[in-house]
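Subject: Structure handover

Dear colleague,

Please find the structure below, with the sequence. My notes on what was found in it follow.

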Amino acid sequence: MQEIIQNFKQITKIPHCSFHTEELKNFLVDFAKNQHCKVDIDEVGNIHAYKGKPKICLQSHYDMVCMGEAPNIQIYEENGYLKAKNSSLGADNGIGVSLMMQALKDFENIECLFTNNEEVGLCGANNLSHTIISNKLLNLDHENDDEVVIGCAGGVDIFADLIIDFEEKEEDCYEIEAINFKGGHSGIDIIKNIKSSIKEVSYFISQNQGELCEFSAGERINSIPKHAKTIVFFKNPPRENKYFKIKHLGKIKRKYYKNSQIILNIINAFAQGVRTFNHRLNLVQTSINLSLAYEKNGKFHFELFARSNNLEELKNIEFETLTYFKMQNCEVSSANFYPPWENKDTSFGEEILNYFKKENPKAKLYTIHAGLECGIISEKQPLECCSIGPNIYSPHSTDEKCEIASIDKISKILTNILKNYQ
């Protein structure tokens with residue numbers, strides 16, 4: 001296990017935010033070649049490495065969501081967890097990559113697929129041109145060590161733009177900065193009702209009858225928004241609270257949004273979070289996250305991410321959201337639609353589950369409310385797929401942490417699986 005953690009620490013020293021993965025790609029290619037693998041790279045940066053006569057392919061993505069000070073990641077250990085100082089950790093999916101590096105070192109018959117830019121619309125999987133040799137694919141991007149995932153949500157990015165009506169006047173001006181918001185993964189954390197900085201700051205401004213001069217909130221399209229900074233005209237000074245730091249900028253003559261109330265109404269009336277729940281599977285079925293809201297080039301931009309484990313519900317929430325913003329006179333569009341992975345054959349998952357039950361008899365098959373690449377890859381060629389991984393908490397946030405004992409557990413299970421496939 002220590003080798004795997006050292007692999008991970010080595011990875012964190014190499015910048016690999018989504019869309020900025022070139023350095024880590026080159027590192028992984030060199031590493032695989034040093035393990036005597038044949039290595040191919042496709043046009044979108046997916047790395048296919050293999051040697052011997054593989055019967056199973058391991059798969060992880062090598063980009064990460066960079067929050068806080070990332071890609072400057074300073075790892076430390078605390079109370080049995082790996083954490084990062086003031087940044088996301090990148091255990092999603094750096095631990096999976098580290099496990100695969102170790103597998104390439106330890107086994108003679110092995111196949112690994114390192115996919116690129118998963119966190120920004122599963123770009124690598126969607127544009128994959130490699131052909132997998134094995135007929136079984138084991139994804140290492142799950143975040144609970146007592147579950148074997150056999151299905152996942154689909155998703156779609158939604159965009160809306162509203163022209164800002166600017167006007168100039170002189171009034172008391174204040175800077176509002178959001179503090180103490182947690183953020184989180186917009187899929188697996190959406191059920192926790194984590195406060196959205198976008199929703200909360202808009203409500204605060206409306207309650208205090210403010211008018212917007214500047215607005216910028218959110219971090220990534222697949223993260224619950226944590227940060228927000230706004231410049232606002234207030235007739236009466238607002239009071240600070242535990243969520244908002246307020247700075248009086250003085251009485252200033254400057255441009256403001258004459259249609260502030262319309263923008264605030266759009267945000268305040270938007271239904272953030274869980275839309276439907278699947279009681280049979282005991283998981284969120286459909287959800288939506290208002291991820292970013294900001295001014296750019298004279299327009300106010302909204303970026304949202306909808307998810308569903310049901311194809312019809314995903315299409316419906318896309319249509320409903322586009323209609324909602326159209327009704328507010330916004331220009332609307334959507335992109336990066338991918339269907340849910342609704343696995344009809346669970347035999348491979350059940351096989352992998354047997355390895356887990358030796359460690360924990362209560363381990364189970366599971367369907368997750370998040371995107372995994374298994375479904376997309378298995379649509380391109382017939383493969384049996386499932387997903388496993390160690391306990392990772394609060395991914396896509398500066399509170400991300402990974403349990404060290406869980407890495408050890410998954411490492412041992414994976415070793416036993418791979419021994420059986422030699």
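**Salt bridges**

Lysine 83 counts as buried, because its relative accessibility is 17%; buried means under 20% relative accessible area, exposed over 50%, and partly exposed in between (1.4 Å probe, protein chains only). Before going further: this is a predicted model, in which local features need pLDDT of at least 70 and side-chain atom pairs count only at pLDDT 80 or more, while totals for chains, interfaces and linings use all residues. Residues are numbered from 1 along each chain as its sequence is written, and side-chain values use heavy atoms, with hydrogens and water left out.

The partner of lysine 83 in a salt bridge is glutamate 78, with 2.6 Å between the closest N and O atoms. A salt bridge here is a side-chain nitrogen of Lys or Arg within 4 Å of a carboxyl oxygen of Asp or Glu. Glutamate 78 is partly exposed at 35%. The whole structure holds 17 salt bridges.

Another of them pairs lysine 136 with glutamate 384, at 3.2 Å from N to O. Lysine 136 is in strand E7 (residues 136-139) and glutamate 384 in strand E22 (residues 384-387), so this pair ties together parts 248 residues apart in sequence. Helices (H or I, at least four residues) and strands (E, at least two) are DSSP runs, numbered from the N terminus. Lysine 136 is buried, with a relative accessible area of 13%, whereas glutamate 384 is partly exposed at 24%.

Glutamate 200 and lysine 195 also form a salt bridge, their closest N and O atoms being 4.0 Å apart. Both are partly exposed, glutamate 200 at 25% and lysine 195 at 35%.

**Cysteines**

How many disulfides does a search of the whole structure find? There is one, a disulfide being a pair of cysteine sulfur atoms within 2.5 Å. The bond joins cysteine 17 to cysteine 66, with an S to S distance of 2.0 Å. Cysteine 17 lies in the loop between helix H1 (2-12) and helix H2 (22-34), and cysteine 66 in the loop between strand E3 (57-61) and strand E4 (75-78), so the link ties together parts that are 49 residues apart in sequence. The torsion about the S-S bond is about -95°, so the disulfide is left-handed. Both cysteine 17 and cysteine 66 are buried.

Cysteine 112 is in no disulfide; the nearest cysteine sulfur belongs to cysteine 57 and is 6.6 Å away. Cysteine 112 is buried, with a relative accessible area of 0%. Cysteine 374 is likewise in no disulfide, and the nearest cysteine sulfur, that of cysteine 385, is 5.2 Å away. For cysteine 374 the relative accessible area is 0%, so this residue is buried.

**Backbone geometry**

Most residues other than glycine have a negative phi, and most peptide bonds are trans. The cases below may be worth a look.

- Alanine 70 and proline 71 are joined by a cis peptide bond, with omega about 15°. Proline 71 lies in the loop between E3 and E4.
- Aspartate 92 to asparagine 93 is a cis peptide bond, with omega near 10°. Asparagine 93 belongs to helix H3 (residues 91-106).
- Asparagine 336, not a glycine, has a positive phi of about 55°. The residue is in strand E19 (residues 331-338) and is partly exposed at 35% relative accessibility.
- Histidine 396, not a glycine either, has a positive phi of about 65°. Its place is the loop between strand E23 (392-393) and strand E24 (401-403), and at 2% relative accessibility histidine 396 counts as buried.

In helix H6 (residues 260-269), the buried residues are Ser260, Ile263, Leu264, Ile266 and Ile267. Seen down the axis of H6, they fall within an arc of 155°, so they line one face of the helix; the arc is that of the directions from the helix axis to the C-beta atoms.

Serine 411 is part of helix H10 (residues 404-420) and is buried, with a relative accessible area of 11%. Apart from neighbours within four places in sequence, serine 411 contacts Ile4 and Leu99, contact meaning heavy atoms within 4.5 Å.

Regards
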